[in-house]
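Reader: Could you walk me through reading a sheet and some salt bridges in a model?

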Amino acid sequence: MRSDVVPGQFMKIIHTADWHIGQKLHERSRLDEHEQFLNWLLETIQRYNVELLLVSGDIFDTSLPSAEAINLYYRFLYRLFNETDAYAVITAGNHDSARHLEAPREFLKMGKIYVVGLATEAAGCVFSFPPDNPRVVVAAVPYLSETELPYVSYETEIEKNERYRERLKSFYADCVSDVPAGLPKILMGHLFVQGGTTTDSERNIQIGGATAIHASDFPEGVDYVALGHLHRPQTISGTDYPIRYSGSPIPLKFNETGYKKKVYLLELSNDGTLVRDEAIEIPVFKELCTVTGDEESVLWDAQTRDWGGKYIQVKLKLSKPRVGVNDEIRQAFSARGGEVLSVEIELPEMTRGLEISVEDMKHPEEIFERFHKAKFDGEPPDKTLTQTFSELIQMVEASE
């Protein structure tokens, strides 16, 4: 049932981003984790009497999400409308189809949900909440690709990057230029701000300054910048107001398990002062684990620990290749409740390759036997493998 929230002295806002609904990890669906996150988010909105939800891009993992991913998204929006009094502002990220995301824009607005996929002019991105008695203004700027810039002949990459920066600076300046004095201003964006820390799960991002903007490029007099694009929660320094990435709500790769996932809770007083700005830690819905070691130590870990409900990445160190080791590792973890999604085998580097004289090149069967022995610790190929190789050689010679 709907909450009976009456706006009080403070307006509570939650900032989140980079949901990536539909994402798969080594072909394993994450829809169950996303559903648990969205249920948790709804409960958090209800618990804190949140009046405004900000989602800064990358709602889906691809521009053509599955029917199941779309269904999960719209079921959440329905529950948000039906079970809370919160408004929502949702912008497109670089993974989203901007046109598809905002197609039901006018329909969703009836449910207090404002979606911005395309940004042709600044005025179409600016909203006041609540609309009939504004207490905060949000500039909901979606992902603006540098590829949308007009073509300029003989332009260097550095010149193009500077033109991209100038476009964003002027766009944000236009967004806040007509905001009445005294109203707090929140900017949304899906972009890379210089100084941000990346992981390797972000795609289509250039590191080292290219296509990045600076903290100082945002206009003055802003109260908060709610960003998406980087998957690690972090604050960018350089201004007297917070510029923040909320990060992704679930770890999208195994290397994202070393830090906590978060959403940010803000409170604005009636005079526009940011009186609360804190992180709320997101529960771990599915633990990702990495196990590293030789075969003996990895199997020992698999057999002596509880791996119930966990996804596992194994980095296995072997002295030489061994057929069937992958299956043995997977079965050992499965017996203790875990699921191995990836086995990466590390072999010692060969210090010297197999040497073959020019004369030996006339005898491919001998070369094949020597190669097999070098690879498999002196073990010669069996008769079936040798016969198959000889038949392949005959087929090649017959085709010449």
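Author: Let's take the sheet, then the charged pairs. This is a predicted model, where local features need pLDDT of at least 70, side-chain atom pairs count only at pLDDT 80 or more, and totals for chains, interfaces and linings use all residues. Residues are numbered from 1 along each chain as its sequence is written, and side-chain values use heavy atoms, with hydrogens and water left out.

Reader: In what order do the strands β15, β16 and β17 form the open sheet?

Author: Strands of a sheet pair through backbone hydrogen bonds, either parallel or antiparallel. Here the order is β15-β16-β17, with parallel pairing (two strands pair if DSSP finds at least two bridges between them; strands are DSSP runs of E, at least two residues, and helices runs of H or I, at least four, numbered from the N terminus). β15 (288–294) and β17 (339–346) are at the edges with a single partner strand each, so one side of each has no neighbour in the sheet.

Reader: Which salt bridge partner does K169 have?

Author: Side chains of opposite charge can pair when their charged atoms come close. K169 meets D217 at 3.9 Å, N to O (the rule is a side-chain nitrogen of Lys or Arg within 4 Å of a carboxyl oxygen of Asp or Glu). D217 sits in the loop between β9 and β10 and K169 in helix α5, so the pair ties together parts 48 residues apart in sequence.

Reader: Is D217 buried or exposed?

Author: D217 is buried, at 6% relative accessibility, while K169 is partly exposed at 29% (buried is under 20% relative accessible area, exposed over 50%, partly exposed in between, with a 1.4 Å probe and protein chains only).
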